[in-house]
Amino acid sequence: MPSESPVSVRLKKARKRRSLTQSELADKTGMHLRSVVRHESGKYPVPNRALALYAHVLEVSFEWLAEGEVASVVSSARRPIPSDAYVAITVCDRRLTGSDQTEEIFLHRYVLQTVLGIELGGQIGIWAVTGDCMEPSATEGDVVFYRASDRIAGSGRHVLEVNGRLILRRVQRLSDGSLVLKCDNRSTGYRDEVLTPGNDGTLIQQETGRKVDFRVVGPVLWPRRQVSQMLMREVKEAITSMAGAVQQQLFPSR
């Protein structure tokens with residue numbers, strides 16, 4: 001049975017458990033201090049977006065905060081997963097998992113949809129950016145969510161595999177079938193890379209004339225625009241922690 005405690009009481013309890021002041025909670029969620037004070041007062045309704053932000057920052061489940069029901073925000077592959085509440089996310093980056101093993105974690109729908117604004121559907125993966133080619137929109141170590149697909153979706157940012165290495169680039173398809181891989185960093189030394197179709201169906205790097213092993217991993221779902229470094233850091237820390245927990249359960253002897 002759901003608890004009869006109002007949302008404001010559970011919110012205040014969760015905040016104090018994390019040893020945060022109202023001001024610190026406002027900073028971590030990006031909300032105004034006045035909003036936090038109002039939400040804890042119990043005199044104002046708390047919208048779902050705010051509840052999801054609070055749940056994410058305070059490390060409690062959306063269900064508990066909203067209704068008093070007990071459920072975890074993240075679960076591992078060895079626990080029963082309520083399919084209507086959690087989404088499987090593929091983590092294939094050793095910098096996040098600590099190993100070469102591809103792992104699967106389960107994130108709550110409200111975190112993905114409401115906090116991060118990700119449109120669900122299909123297989124979603126996580127990867128951490130390498131290099132500074134995409135600065136300022138993405139820097140070394142930033143976490144991106146992508147939808148696994150071998151198709152180019154518009155001219156936005158995509159995770160790509162080029163000669164066995166994962167990279168993040170904007171992709172433009174030209175009328176002759178060529179692909180232009182674009183960097184956001186316009187500093188000296190960064191140039192767009194053009195891949196032209198070869199006679200045998202392969203792609204040729206225009207500058208060197210060499211064949212390129214090329215694969216579209218998927219278009220980026222989050223972030224679609226620049227976000228605060230604090231939010232980016234918190235997302236990465238949460239993913240690393242979750243992936244580490246799954247790794248520990250699947251490979252307890254490591």
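Modeller: A strand here is a DSSP run of E with at least two residues, numbered from the N terminus, and in this predicted model Ile 124 is found in strand 4. The protein has eight helices and 12 strands.

Biologist: What makes Ile 124 count as buried?

Modeller: Buried means under 20% relative accessible area, and Ile 124, at 1% relative accessibility, therefore counts as buried. Leaving aside residues up to four places away in sequence, Ile 124 touches Ala 88, Ile 89, Thr 90, Ile 118, Phe 145, Tyr 146 and Leu 221.

Biologist: Why is helix 4 called largely enclosed by the rest of the structure?

Modeller: Nine of the 11 residues of helix 4 are buried, so the helix is described as largely enclosed by the rest of the structure. The buried residues are Ala 50, Leu 51, Ala 52, Leu 53, Tyr 54, Ala 55, His 56, Val 57 and Leu 58. Helix 4 is followed by Glu 59, whose phi is positive, near 60°.

Biologist: Why are helix 2 and helix 4 called roughly perpendicular to each other?

Modeller: The axes of helix 2 (residues 22-29) and helix 4 come within 10 Å and cross at roughly 105°; angles of 65 to 115 degrees count as roughly perpendicular, and the two helices are therefore given that description. Where they meet, Leu 25, Lys 28 and Thr 29 in helix 2 are in contact with Leu 53, Tyr 54, Val 57 and Leu 58 in helix 4. Sorted by class, this contact has five nonpolar, one polar and one charged residues.

Biologist: What makes helix 1 and helix 3 oblique to each other?

Modeller: The axes of helix 1 (residues 7-17) and helix 3 (residues 33-41) come within 7 Å and cross at roughly 120°. The roughly perpendicular range ends at 115 degrees and roughly antiparallel requires over 145, and the pair is therefore oblique. Ser 8, Leu 11, Lys 12 and Arg 15 in helix 1 meet His 39, Glu 40 and Ser 41 in helix 3, and the residues of this contact divide into one nonpolar, three polar and three charged.

Biologist: How do you know that Cys 133 and Cys 183 form a disulfide, and what does the pair tie together?

Modeller: A pair of cysteine sulfur atoms within 2.5 Å is taken as a disulfide; the sulfur atoms of Cys 133 and Cys 183 are 1.9 Å apart, and the pair meets that cut-off. The angle about the S-S bond is -95°, and the link is left-handed. Cys 133 lies in the loop between strand 4 (124-128) and strand 5 (143-147), and Cys 183 in the loop between strand 8 (179-182) and strand 9 (193-197), so the pair ties together parts that are 50 residues apart in sequence.

Biologist: Are these two cysteines buried or exposed, and what are their values?

Modeller: Cys 133 has a relative accessible area of 6% and is buried, and Cys 183, at 7% relative accessibility, also counts as buried, given the limit of under 20%.

Note on methods: Residues are numbered from 1 along each chain as its sequence is written. This is a predicted model: local features need pLDDT of at least 70, side-chain atom pairs count only at pLDDT 80 or more; totals for chains, interfaces and linings use all residues. Side-chain values use heavy atoms; hydrogens and water are left out. Axes are lines fitted to C-alpha atoms, for helices over the stretch in contact, and angles run from 0 to 180 degrees between N-to-C directions. Helices (H or I, at least four residues) and strands (E, at least two) are DSSP runs, numbered from the N terminus. Angles under 35 degrees count as roughly parallel, over 145 as roughly antiparallel, 65 to 115 as roughly perpendicular and the rest as oblique. Contact means heavy atoms within 4.5 Å. Ala, Val, Leu, Ile, Met, Phe, Trp, Tyr, Cys and Pro count as nonpolar, Asp, Glu, Lys and Arg as charged, and the others, Gly among them, as polar. Buried means under 20% relative accessible area, exposed over 50%, partly exposed in between (1.4 Å probe, protein chains only).
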